[in-house]
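Hi,

Here is the structure I promised to pass on. Have a look at it first, and then read my notes below.

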Amino acid sequence: MTRRPATVRALCVAVLAALTVLPAAISRMTAPANYGGHGLTTGFGRGRLDFSGIVSEGAGGRVDLPREPVILSVRVSGSGPIRLSGDGVDQTILGSEIPLTVRLDLPEGGSLSITSASRIRLHEIVVERVHQAVGQAGVLGLLGAIAIAIAARGLRQALAAAGLLGGAFCAMAAGSLSFTFARIALARLAPLFLVLLLLLPLFLALRESRLPALRPRARWTIPAFAASLALSTVQLNWFDQPLPLGDPHAYFEMGGRFKEAIVSMRSPLDLGPALSDVQPFLALPVTGLLYGLLRLLGGGLALIYAAQAVAMAAAVGALVSICETEIGPRAGKIALGLALLHPSFWVLPGIVQPEPFILAAWTLAAFVALSARRHEDDPRIFLTAGIFLGLGLSLHPQGLSFLLLALGLCLIPWASMFVRRPVLLVAPLLGLCSVLLPVAAAEHFAKPRSYVLDRQYGFFAYTSPHPLGFWLYLDSDGWQGPLRIEDTSYQKELIALQGDGAVSSTFADVAFFVSRHPGKSLQTVLTNLHRLWHQPDNPFAVPFVLPFDLQIWFHRALVVLFVLSVPALLSGRLALLSLPFVMLSMTYPAYHVFNKYATPALTFTIMGAAFTIDRLWQERTRAGLLMGSLAGAALGALLPAAAFARLGVRGDVFLWLVNSLLWIGLGVALTVAIRAWGKDARARVLGAAIGFIVLLGSSWAASLTDTERGAWSVAVDPPFEASCRLAAITPRADDSAPPEPAWLLIDAQSSEALPPRIEVNGRLLEPPVAMMPAFGLASVRGHRDPATFRQTWRAPIGEDLLAAAELRIRVRGDATMRVFGDIREGDEGPRLSIGNWPHLSVYRLMHEGQYRLPVGDAPPQACSAKGLSGRPGVALVRIPVGDENQIALKSAKAPAWIF
């Protein structure tokens, strides 16, 4: 028991001895300007953060060195003649923006003056001895050996020996190059000491943590891992992966910056300059370091895809193991089948983004935490769970503070349990904080240069003058992207209240704005909640095991089944399986929606769905009402509008029917699940709140601006026919001005990217042109032709045709082409915009395959389709001359609707 402390004391003193001998033993020391060089200069200060080096504060400055022979190299830049003078040295060089290194021999040492008529930037100083300090090094080495021997005798002796050693060094090296080298070394080592200090809690947590048995208790864990990895491998080899544009490009390039910084480190002394090189990117420290290490290993994108596939396979293996161990063998098999059918597990490994690693970290955190419960609440295993949770949170730090707030709120209902058994909270919290402490420090260090992320990658979350959230997107149905901040109602109202100088705001201003728009705010948040769980994370609609349309319905079914499981999960120790779903539901709908934001809860959604299916199978003889209500809800979601339109059913009747089936079915299913599976009041109340808000409240809010449920589409083989009554159109007020060119618009989709053929009153119009703007992130990035999306096609129509009382329209095309309409008539319900700014969003295009936003101010439809009730996707507009290709830009005048 006594040998180990003695060894530790001796080792610590040995490290100190080496540090005292090193400055006397070495002959050359490099001092980067910001890490060591600044302490040797007078008249220089830190300049702009986005440039390296220190800048002269006046006409120049000087480098101060001891009075002994030295060879000095300085790397400087400037815009004119730079004079370097000292004892025995006087040299002038012509400075430029490219740093120039000047080597000078100072036989007497002392100060070197660096002056210029313009500002000088000092990048680096290299100091070399002329005569070696052999005597100093020898004496300090001998004292170090004695100190090590003394340190082994006890703690007091070790402290005394360390003090003696430090005092001896100061006495012997004061005023010499050895002392200067020590100052430089300490300045260069300071970042390393700070990083080690920040990482110390994590090191201690890892030392004290314990993983549960590596041999899986579940039989299907290894097959699940292998099957997921095999599917990802097939997908990565059969399909062209998306181009690394947008966020993936940013993550990949950040990884390259971290790789370069790591390669540039020749010793621990170089950590400071390396951190400075990646300072802007330390706002995402774990993400950058992760991809930096992967790029350091070589292999480029292929290795990153492979690592992400392994992470996804680990998540699948963990979720199957949890289901088989905690729920039952049948649930494990069900979860495996659901996971292999869900597209995100095999699509996301081919996109450079950290979601696969987040998913793996959170799922492993749940796996470890549940293992700790089985091991009598082992705090060391709980500590491991907290570390995994922290790693998952740190990979997406933009929303870290809000997710932590949501986590705290979710734990409140279990406060009494944590009071009785504090280990359930304290141990995971310690693991979580050990990871997030260095992450928070890195973000703080990066903050002065975070504008680089906005300038290079569009990450404006770090530089926005306003808090980001739904309040900035009320004008665009909750979708981010269409409006610049200065054009939003939020900014305009802020200026109206506070004056033209109100270009920034706080959450107090947000609260005041929301209080003025409570109904619209609530509707937007609930609509975003609906969108968050409405689509699988397959941004480029890749088909594989299932066609994409079936993937959508499959994903929505999983969400419903998960929500039904929440009352049962909350009744026992499986409550933590609902935590990620609830946390994400509490945060991102109030921010904005994107495909990947729901992904960290995917494995937990599948666990809950597997639980519900297993319970329904187990209780199949008593679950008739629950299964019948789910069948009714499915019928309401799946009944096609086109079939009812062919029967001549009115739009309000159709929507009342399908919404009633959907909402009543979901409501009954939730009620039955809450009553049957909720074991206590807390589980029933929370399950009811979560279920009715996520499924019913969000669905109702989304229906208010929905343009999809009432939509129908028909093939144009045979040709699609419609007639439009021009006699009902109000004539223009100013008949003297020449009319702007008129355009006939058709809402259509062509899988072959071929334009439809449009005839009006028997006359063939010019070939129509697709109107969707070039959104490369949603089309080219995923190797998709923009012309294959559903969109508006425009064709010019002459005034002679408009003079007729009626337009008889006939649309023809290839077998893959379809024309769209809506079962609602006239101006009932919202309509899709015709593409004019600001009523379009690239985020909606990436999320739903639709770039247009709903509008409520379109004039009534004057057209009817042959054999179909409702309004066809036909419009007539006038566009100013020359703006035909500009209507999606901010500066363009919006088209004038005719009908």
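Let me start with aromatic pairs: rings of Phe, Tyr and Trp (its six-membered ring) pair if their centres lie within 6.5 Å, and planes under 30 degrees apart count as stacked, over 60 as edge-to-face and the rest as tilted. One aromatic cluster is formed by Tyr251, Phe281, Tyr291, Phe357, Tyr457 and Phe459.

Before you go further, note that this is a predicted model, where local features need pLDDT of at least 70 and side-chain atom pairs count only at pLDDT 80 or more, while totals for chains, interfaces and linings use all residues. Residues are numbered from 1 along each chain as its sequence is written, and side-chain values use heavy atoms, with hydrogens and water left out.

Back to the rings: the count comes to 23 aromatic pairs. Trp238 and Phe544 have ring centres 6.4 Å apart and planes at 85°, so this pair is edge-to-face. The pair links distant parts of the chain, 306 residues apart: Trp238 is in helix 6 (residues 221–238), and Phe544 is in the loop between helix 21 (518–532) and helix 22 (548–569). Helices here are DSSP runs of H or I, at least four residues, numbered from the N terminus.

How exposed are the two partners? For this, buried means under 20% relative accessible area, exposed over 50%, and partly exposed in between (1.4 Å probe, protein chains only). Trp238 counts as exposed because its relative accessibility is 68%, while Phe544, at 22%, counts as partly exposed.

Another edge-to-face pair is Phe611 with Trp677, at 6.5 Å centre to centre and 85° between the planes. Phe611 belongs to helix 24 (residues 602–618) and Trp677 to helix 27 (residues 651–677), 66 residues apart. Phe611 is buried at 7% relative accessibility, and Trp677 is buried at 2%.

Now for the inside. A nonpolar core is a set of buried Ala, Val, Leu, Ile, Met, Phe, Trp, Tyr and Cys residues joined through side-chain atoms within 4.5 Å. The largest one has 142 residues, of which Phe345, Trp533, Leu564, Leu577 and Ile606 touch the most other members. Helix 13 (residues 355–374) gives the most to this core, with 12 residues. Apart from it lies another core of 41 residues, including Cys724, Ala787, Ile797 and Ile823.

Last, two charges over rings (NZ of Lys or CZ of Arg within 6 Å of the ring centre and within 35 degrees of the ring normal). Arg790 lies over the face of Phe820, 4.1 Å from the ring centre, and the charged end of Arg794 sits over the ring of Trp743, 4.7 Å from its centre.

Cheers

Terms used. Helices (H or I, at least four residues) and strands (E, at least two) are DSSP runs, numbered from the N terminus.
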